[in-house]
Amino acid sequence: MNSSQPAQQSDQPPVRPPVQPIPVIVLSGFLGSGKTTLLNHLLGNRGGTRIGVVVNDFGSIEIDAMAVAGQVGDSMVSLGGGCLCCAVDGSELDAYLEKLSAPVHRIDVIVIEASGLAEPQEMIRMLVASENPAIRYGGLVQVVDAAEFDATRAKHPETDRHLAVADLVVLNKTDRAEPAALTRIAGELAALCPGTPVVAADHGRIDPELLFDRRPWTETRGQLSFEDLISQARESGAGEEDSGHEDHTGHAHTLYDSTEFVSEQALNPRRFIDFLDRRPAGLYRIKGYVHFGVPGHEERYEVHAVGRFLRFVPGPWGRGEPRRSQLVLIGAGTDGPALLGELEACREPAPQHAPPESMWGVLRYVDRPARPADEPEPEPHEFVADPEEP
């Protein structure tokens with residue numbers, strides 16, 4: 001070979017990871033529980049994350065939509081005149097989600113604020129059944145009014161059923177309840193939805209990182225950005241639902257612990273799933289990437305957990321990207337060293353010897369599991385995640 005000849009360029013295009021589906025989070029809770037206040041808090045503290053919003057008011061005058069519209073511009077669709085779960089069929093919801101998930105909007109996450117009379121379980125089924133590849137179900141957040149908890153359960157016995165399918169419970173308006181009552185309610189919630197994390201909040205102030213990643217705002221556009229709209233609203237005093245109260249921006253961060261785990265060694269899928277199944281109730285959020293290295297499953301697995309909700313998304317490694325696992329765990333009252341110890345125990349020194357069936361527990365939480373053509377497909381129940389038990 002003539003060494004003076006220039007190296008030939010490959011005709012193969014660079015490998016690009018596929019566009020990830022947009023997570024759709026359902027925000028549910030009875031009338032007056034504080035869903036709109038919580039949503040506005042998320043919108044006002046999102047960083048650079050672009051949020052699409054579906055607001056489903058019960059009634060012809062869409063008050064909640066008016067409260068939110070100033071913060072999201074054209075990245076909102078409003079559904080008035082009835083509950084989304086029963087007055088709008090699945091095809092119509094798909095049309096609204098298709099509009100929001102269009103590439104022109106560059107949405108990172110979609111939040112559906114359900115009517116106060118909606119059936120959360122039906123909404124979950126509609127999203128899980130959606131054939132839109134641009135979106136995926138991202139969990140149910142149930143908002144509970146601490147001051148009206150007993151009255152709400154007495155008037156709406158279905159409260160218990162709604163709590164049973166929640167992935168994260170926000171015990172809102174804690175500033176309006178006595179400490180003894182909050183302790184009692186926390187015990188009742190633990191019995192009604194065992195294993196489901198409960199976040200205490202006042203005025204809907206929870207850390208947005210519990211639901212989605214906040215991104216640094218670096219883009220400049222010819223039109224007003226979401227951040228510009230929110231900034232102008234604050235400067236003018238518009239949209240400040242909690243006027244007269246102290247500004248608690250960033251206050252929620254003091255309530256949560258963050259633990260980071262990095263492993264250059266692959267993780268054993270069975271031991272990792274066992275860890276996730278046993279995760280403590282105070283561990284609200286898990287996000288990151290996992291390297292299993294099992295033959296036929298060498299992809300990078302993105303993991304996303306909100307409360308009990310769990311999803312894995314396989315995808316290719318970036319060019320030159322090291323094969324390693326990187327996880328961030330966010331919670332309250334969690335034992336960081338103990339969590340790290342459990343994750344250390346998930347390391348696998350010889351993943352190349354692991355049988356393919358060791359991945360079945362992981363693939364159960366993959367929407368569209370990818371596998372080699374020559375590998376037999378396990379029984380369907382190994383892959384379908386029940387929306388009631390994500």
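Author: Helices (H or I, at least four residues) and strands (E, at least two) are DSSP runs, numbered from the N terminus. S28 is found in one of these, strand β1. This is a predicted model, where local features need pLDDT of at least 70 and side-chain atom pairs count only at pLDDT 80 or more, while totals for chains, interfaces and linings use all residues. Residues are numbered from 1 along each chain as its sequence is written, and side-chain values use heavy atoms, with hydrogens and water left out.

Reader: Why is S28 called buried?
Author: Buried means under 20% relative accessible area, exposed over 50%, and partly exposed in between (1.4 Å probe, protein chains only). S28 has 2% relative accessibility, so it counts as buried.

Reader: What makes the link between the side chains of S28 and Q142 a polar contact?
Author: A polar contact is a pair of N or O atoms within 3.5 Å; within protein, one must be able to donate a hydrogen and the other to accept it, and residues adjacent in sequence count only if both atoms are side-chain atoms. The S28 and Q142 side chains are joined at 3.2 Å, so the distance meets that limit.

Reader: Where is S130, and is S130 buried or exposed?
Author: S130 lies in the loop between α5 (120-128) and β5. Its relative accessible area is 11%, so S130 is buried. A polar atom of its side chain lies 3.2 Å from the backbone nitrogen of N132.

Reader: Why is the pair of Y137 and F309 called edge-to-face?
Author: Rings of Phe, Tyr and Trp (its six-membered ring) pair if their centres lie within 6.5 Å; planes under 30 degrees apart count as stacked, over 60 as edge-to-face and the rest as tilted. For Y137 and F309 the centres are 5.3 Å apart and the planes at 85°, so the pair is edge-to-face. This pair links distant parts of the chain, with Y137 in strand β5 (residues 135-145) and F309 in strand β11 (residues 309-315), 172 residues apart. Y137 is buried at 5%, and F309 is buried at 1%.

Reader: How do you know the class of the F292 and Y301 pair?
Author: Their centres are 5.5 Å apart with 65° between the planes, which makes this pair edge-to-face too. F292 is buried at 0% relative accessibility, and Y301 is buried at 0% as well. Ring pairs join F292 and Y301 with F272, F275 and F312 in a cluster. By the ring rule, the count comes to six aromatic pairs.

Reader: What makes R300 a charge over the ring of Y289?
Author: The rule asks for NZ of Lys or CZ of Arg within 6 Å of the ring centre and within 35 degrees of the ring normal. The charged end of R300 sits over the Y289 ring, 3.9 Å from its centre.

Reader: What lines the largest cavity?
Author: On a 1 Å grid over the protein atoms alone, a cavity is a set of points where a 1.4 Å probe fits but cannot get out, and a pocket is an open set with protein on both sides within 12 Å along at least five of seven lines; lining residues have an atom within 4 Å of a point. The lining of the largest cavity includes Y289, R300 and W317.
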